[in-house]
Every structure is written in C-alpha cells, then in structure tokens.
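Please take a moment with the sequence and the three-dimensional view before reading on. The paragraphs that follow go from single loop residues to the sheet, the helices and the nonpolar cores.

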Amino acid sequence: MEEPMRILHVLGGVGLGGAESRIMDLYRCIDREKLQFDFLVHQSGPGYYEEEIQELGGRIYRVPRFRLYNILTYRKALWAFFKEHHAFRAVHGHMTSTAAVYLPIAKKCGIPVTIAHARSAGVDKGMKGIVTRLLRIPLRKKCDYMFACSGLAAEAVFGKKNALAGKVTIVPNAIDAGAFRFCAETRAEMRRELELAEKFVIGHVGRFHYAKNHEYLLEVFAQIVKKHDNAILLLLGEGERKEEMQQKAASLGIAEKVRFCGNQKETWKYYQAMDFFVFPSRFEGLPGTVVEAQSAGLRCLISDTIAKESIITELAASKSIAESPAAWAEYVLANREYERTDRYGQIRAAGFDVRRQAEWYGRFYRNGNADCGKDRGHK
C-alpha cells in the first residue's frame with residue numbers, strides 16, 4: 001500500500017486550546033490512509049492530545065521554546081530538524097509568532113508547500129505582544145500561502161492590504177457540528193448529574209488567559225446574581241490565570257456560585273446543560289467555542305471585538321466590553337427565555353462543519369492550490 005502523504009503542523013503544544021482542538025477535529029475526519037498529520041511542538045512535556053495523535057498514526061517532534069534571547073539556538077534546532085525530516089508534503093504553521101523563522105528554513109530544506117495560518121486577531125499585552133507583532137512583519141513574504149480563520153485575523157497578522165487584496169485564504173474554524181447539536185435528553189441527564197435543576201446556568205469554555213477576559217465575565221455574573229440568585233456559572237478550561245480568577249470570584253462574593261470545571265473531554269455535554277453562553281474576549285481569531293455553543297442551540301452574548309463571522313445564527317449577539325458589566329447582565333436576563341432548537345443545518349450551511357472542510361483540505365494538500373474547488377466548507 002502506498003504511504004500516506006504527511007503534513008507537519010507547527011504549534012506551541014498539543015494542549016486543549018482552540019487551534020489544537022480544530023486541528024484534531026480535522027485530523028479525525030481526514031482519510032488517514034491517504035493523508036497523515038505530524039506535529040512539531042515547542043513544549044517539552046506531553047500535551048492533552050498527545051496520546052490520541054499517536055493512536056491516529058501521527059508523530060510528535062519537539063524543538064526548544066522560542067525566548068527571543070535564544071534565537072540562534074532556536075534556528076539551529078530548526079535547521080537540524082528539517083535537514084533530517086524533509087519528506088513532508090507541506091508545513092502548516094499555526095504558530096505565527098515565529099513562522100517567519102521556521103517556514104523559510106523548511107522551504108530551503110526541500111519541503112514543497114509552506115502555510116502560515118492566522119488563528120488570532122490580537123496579541124498578549126506588554127513586551128511579549130510587541131515582539132510578536134515585530135516577528136510577524138516579514139511573515140507575509142516568507143510563506144507560500146496565507147490562511148486565516150477570519151477577516152480580522154487576516155488583517156491582524158498579514159496586514160490590511162493583503163487581506164483586502166484577496167491574498168489571504170479565509171478558512172473557517174470548523175467543528176464537528178453534529179456532535180454539539182441540541183439534545184433534550186442529554187441536557188436533562190447533565191443537569192441532574194451536575195445538580196443544576198431549576199438553576200439558570202451561564203457558561204463559558206476557554207483557557208484562563210488574558211485574551212479571554214474572565215475577570216469581566218465574573219463581574220457580569222456578579223451583576224446577574226444580584227437579580228437572579230438562582231444563577232450558576234460553569235467555567236470549562238485551565239490556564240495560568242485560573243487561581244487568580246478563583247480569588248476574584250471570592251472577592252465578588254460569588255465563589256459558591258462559580259464552578260471551575262477544568263478541562264473536559266466531552267465538552268458537548270456541558271453545552272447542553274447551559275442556558276446562556278457569555279464570551280467577553282478582548283480579542284480572538286474566530287472562537288470555535290462560540291460556534292459550538294450555537295450548534296448546541298444556546299443563546300450567546302460575545303464581545304464586539306470578535307470576528308463577525310462568529311455570529312452564524314440569530315442566537316448570537318455582540319456587545320462592547322467598554323460597556324458596564326451591569327449592561328451585559330441586563331441583556332442576558334432580558335433574553336434568557338427562548339426556545340432551544342437544533343441548529344446543525346445552519347452551522348453546516350455556513351461552512352463550519354469539519355467533515356465537509358476535511359475534503360477541501362485533502363484537495364489542497366494534494367494539489368497545493370488554495371482555490372481548489374473554492375469550497376472550504378462553505379455552502
């Protein structure tokens with residue numbers, strides 16, 4: 001049997017993050033007899049998806065984490081890696097902060113196709129964010145293809161000129177939409193299991209990171225509790241700011257009403273238990289969690305800094321985080337009564353079903369043409 005074509009995905013790690021989850025959704029759906037994914041990561045220890053990747057036939061390689069001061073060591077490690085491992089059909093770089101370093105090296109070592117994929121429309125605050133912006137400046141000239149999950153992400157990473165000129169291919173952050181479709185039976189089961197009967201459940205899924213703005217979310221929830229004492233906040237995810245947010249909840253007097261659920265393998269069940277999804281991020285690319293929430297039939301309130309492509313159904317609305325938490329709370333409470341229905345058809349028609357997108361990626365990787373069929377999951 002002919003060996004499958006291998007694609008190398010470059011990431012910070014293979015933890016339970018947005019980009020990683022979207023790539024894994026895709027990986028599960030591709031024809032792995034014809035196409036295989038490998039991963040180059042910048043973490044020393046195992047990540048959340050590591051075992052599954054190996055079970056699916058993928059290989060995981062490691063290079064040192066980039067720290068700016070170790071640029072020479074970093075480049076040396078990349079040259080050594082790509083000189084030894086250059087049989088990939090393509091290198092798909094999701095870590096755009098250093099893609100201008102590793103993609104040209106991959107190209108010079110004989111890899112035919114290099115892709116830079118913008119997954120976020122913002123950067124961290126402080127010096128780290130400044131350095132990231134500087135490192136991205138030459139990227140648009142250092143890759144064969146520019147992909148982005150949204151128009152905002154395209155402009156943020158590759159520049160407004162390239163985005164408006166159509167030089168960036170927009171590829172939706174597709175999900176396994178069928179897995180998240182609303183199910184009344186699962187909802188009843190999860191609410192019993194989590195002891196949420198008669199509760200008004202606000203939900204959020206995302207790592208505890210500056211971009212996600214959990215502190216604002218907690219302030220919104222504190223305002224909701226003032227008018228609806230039966231409210232509960234479910235927070236799924238892990239991250240460096242989790243302990244800080246636990247302290248924040250305590251200082252607001254809502255600790256007993258906020259449940260820190262950690263990472264959950266079956267997140268789709270938790271969406272079923274929720275009544276309202278609130279997502280006040282400072283910046284995003286195109287958050288898959290908002291797509292998942294809508295697929296689960298949840299009403300959503302998201303920040304207006306998030307790409308408009310996230311609003312797929314009439315269930316979702318946006319609001320500025322410059323407004324007060326009380327204003328957000330007022331909106332949630334005024335719109336909490338609605339009929340929960342299956343929205344799978346709308347999600348699929350909008351181009352967010354990963355099974356359909358997997359077919360496009362298969363054609364692209366084989367042909368090296370981002371216009372192949374021009375069907376990136378879109379209707």
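Leu 68 is found in the loop that lies between strand E3 (60-62) and helix H3 (71-84), and, like everything described here, this residue belongs to a predicted model. Although Leu 68 is not a glycine, it has a positive phi of about 70°.

Lys 199 lies in the loop between helix H9 (184-193) and E8, where it is partly exposed, with a relative accessible area of 26%. Not counting residues up to four places away in sequence, Lys 199 touches Arg 191, Asn 230, Ile 232 and Asp 275. How far apart in space are Lys 199 and Ala 165, which are 34 residues apart in sequence? From C-alpha to C-alpha, the separation of Lys 199 and Ala 165 is 49 Å.

From this loop the reader can turn to the sheet. Six strands make up an open sheet with parallel pairing, and their order across it is E10-E9-E8-E11-E12-E13. At the edges are strand E10 (258-262) and strand E13 (316-319), each of which pairs on one side only. On average, and with direction ignored, neighbouring strands of this sheet are turned by 25° against each other. Strand E12 (residues 299-303) pairs with E13 in the parallel sense over four bridges, and Leu 301 has Ala 317 in E13 as its bridge partner. Across strand E8 (200-205), strand E9 (231-236), E10 and strand E11 (276-279) lies helix H10 (residues 214-227), which runs at about 165° to E9.

Another arrangement to consider is a pair of helices. Two packed helices are described by the angle between their axes together with the distance between those axes. For helix H1 (residues 18-29) and helix H16 (residues 354-367), the axes come within 9 Å and cross at roughly 75°. H1 and H16 are therefore roughly perpendicular to each other, because that description covers angles of 65 to 115 degrees. The residues that meet are Asp 25, Leu 26 and Cys 29 in H1, and Val 354, Arg 355, Gln 357, Ala 358 and Tyr 361 in H16. Sorted by class, this contact of H1 with H16 has five nonpolar, one polar and two charged residues.

In soluble globular proteins, nonpolar side chains tend to be buried together. The largest nonpolar core in this model has 66 residues, and Phe 82 and Phe 277 are those with the most contacts inside it. Helix H4 (residues 99-108) supplies the largest share of this core, namely seven residues. Which residues does Phe 82 contact, leaving aside its neighbours within four places in sequence? The contacts of Phe 82 are Leu 8, Leu 40, Val 91, Tyr 102, Ile 105, Ala 106, Cys 109 and Ile 111. Apart from this core lies another, of 29 residues, including Leu 35, Val 113, Ala 358 and Tyr 365.

Conventions: Residues are numbered from 1 along each chain as its sequence is written. This is a predicted model: local features need pLDDT of at least 70, side-chain atom pairs count only at pLDDT 80 or more; totals for chains, interfaces and linings use all residues. Side-chain values use heavy atoms; hydrogens and water are left out. Axes are lines fitted to C-alpha atoms, for helices over the stretch in contact, and angles run from 0 to 180 degrees between N-to-C directions. Helices (H or I, at least four residues) and strands (E, at least two) are DSSP runs, numbered from the N terminus. Angles under 35 degrees count as roughly parallel, over 145 as roughly antiparallel, 65 to 115 as roughly perpendicular and the rest as oblique. Contact means heavy atoms within 4.5 Å. Ala, Val, Leu, Ile, Met, Phe, Trp, Tyr, Cys and Pro count as nonpolar, Asp, Glu, Lys and Arg as charged, and the others, Gly among them, as polar. A nonpolar core is a set of buried Ala, Val, Leu, Ile, Met, Phe, Trp, Tyr and Cys residues joined through side-chain atoms within 4.5 Å. Buried means under 20% relative accessible area, exposed over 50%, partly exposed in between (1.4 Å probe, protein chains only). Two strands pair if DSSP finds at least two bridges between them.
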